[in-house]
Amino acid sequence: MPYTAAPTVAWSAESDRRPGTPLVVALHGRGADEASFAQLAPHLPQDATVAFVRAPLAEGGGYAWFANRGVGRPLTDSLAATADWLFGWLDTEAAGHTSVSLLGFSGGMAMAGGLLLARPERFAAAVLLSGTLPWDAGLPEERGRLAGVPVFWGRDVADRVIPADLVTRTGTWLREDSGARLEEHRYPGQGHGISLPELADASAFLRGAWEGAA
């Protein structure tokens, strides 16, 4: 079912400060919301505009990006509906920004990965945290699909929330088949969460990606 209302967004900057800045689309985890995710704003590049977007499906006191058939396993039609909704919003919202990058955590990583696989040419970089790519959801995954795209993948190897087979498949594809300019980071003791060292590394990665594209 298509979504008609515009996304609810918590912005890191007022509207008059956004033009001419890189846009980062930040996608929260399952059961969270844009307000809780926006607490990351002070730890992300201050010369960028970060759009903390609320997912469209109410779930568990928060929101989810798609219906699934198990943890990390999106239903094809549900993922596609949300992707179409977000791309429609970006068609307008990206105007005036120098580039668009993605940042997704957990379920938000799966959603960010879906957007990236669907239209890699639209994104300057992607930060993928503590999750999996959306496998078996009808998205292109041929060799070289992300050729040249800067991708940051951060996680704790002891994180047991995302099924191990999906994490392994994600790692193998990103390293060997995607063609992405991959930076892989591991954060022991972080668990299924986001740490300050990870945010510092991700911010430095984004700045480097934007400078490299300039």
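Visitor: What is the bridge partner of Val24 in E3?
Guide: The bridge partner of Val24 in E3 is Val50. This is a predicted model, in which local features need pLDDT of at least 70, side-chain atom pairs count only at pLDDT 80 or more, and totals for chains, interfaces and linings use all residues. Residues are numbered from 1 along each chain as its sequence is written, and side-chain values use heavy atoms, with hydrogens and water left out.

Visitor: Which strand runs antiparallel to E3?
Guide: Strand E1 (residues 9–11) does, joined to E3 by three bridges. Trp11 stands opposite Ala51 in E3.

Visitor: Why is E3 called largely enclosed?
Guide: Buried means under 20% relative accessible area, exposed over 50%, and partly exposed in between, with a 1.4 Å probe and protein chains only. Five of the five residues of strand E3 (residues 49–53) are buried, so the rest of the structure largely encloses this strand. Both faces are covered, with Thr49, Ala51 and Val53 buried on one side and Val50 and Phe52 on the other.

Visitor: Why is the unit of E8, H4 and E9 called right-handed?
Guide: The term applies if, with the strands pointing away from the viewer, the path from the first strand over the helix to the second runs clockwise. E8, helix H4 (residues 164–176) and E9 make such a right-handed β-α-β unit. Six bridges join the parallel strands E8 (residues 150–155) and E9 (residues 181–186), and Phe152 stands opposite Glu183 in E9.

Visitor: What makes a space a pocket, and what volume has the largest pocket?
Guide: On a 1 Å grid over the protein atoms alone, a pocket is an open set of points with protein on both sides within 12 Å along at least five of seven lines, and lining residues have an atom within 4 Å of a point. Grid points are joined across faces, edges and corners, and a volume is the space filled by probe spheres set on the points. The largest pocket has a volume of about 210 Å³. Of its 15 lining residues, the closest to the centre are Arg155, Val157, Asp159, Ala164 and Val167. H4 gives the largest share of the lining, six residues.

Terms used:
Pairing = 2+ DSSP bridges. Helix = DSSP H or I, 4+ residues; strand = E, 2+ residues; numbered from the N terminus. 1 Å grid on protein atoms, 1.4 Å probe; cavity = no way out; pocket = protein on both sides within 12 Å on 5 of 7 lines; lining within 4 Å.
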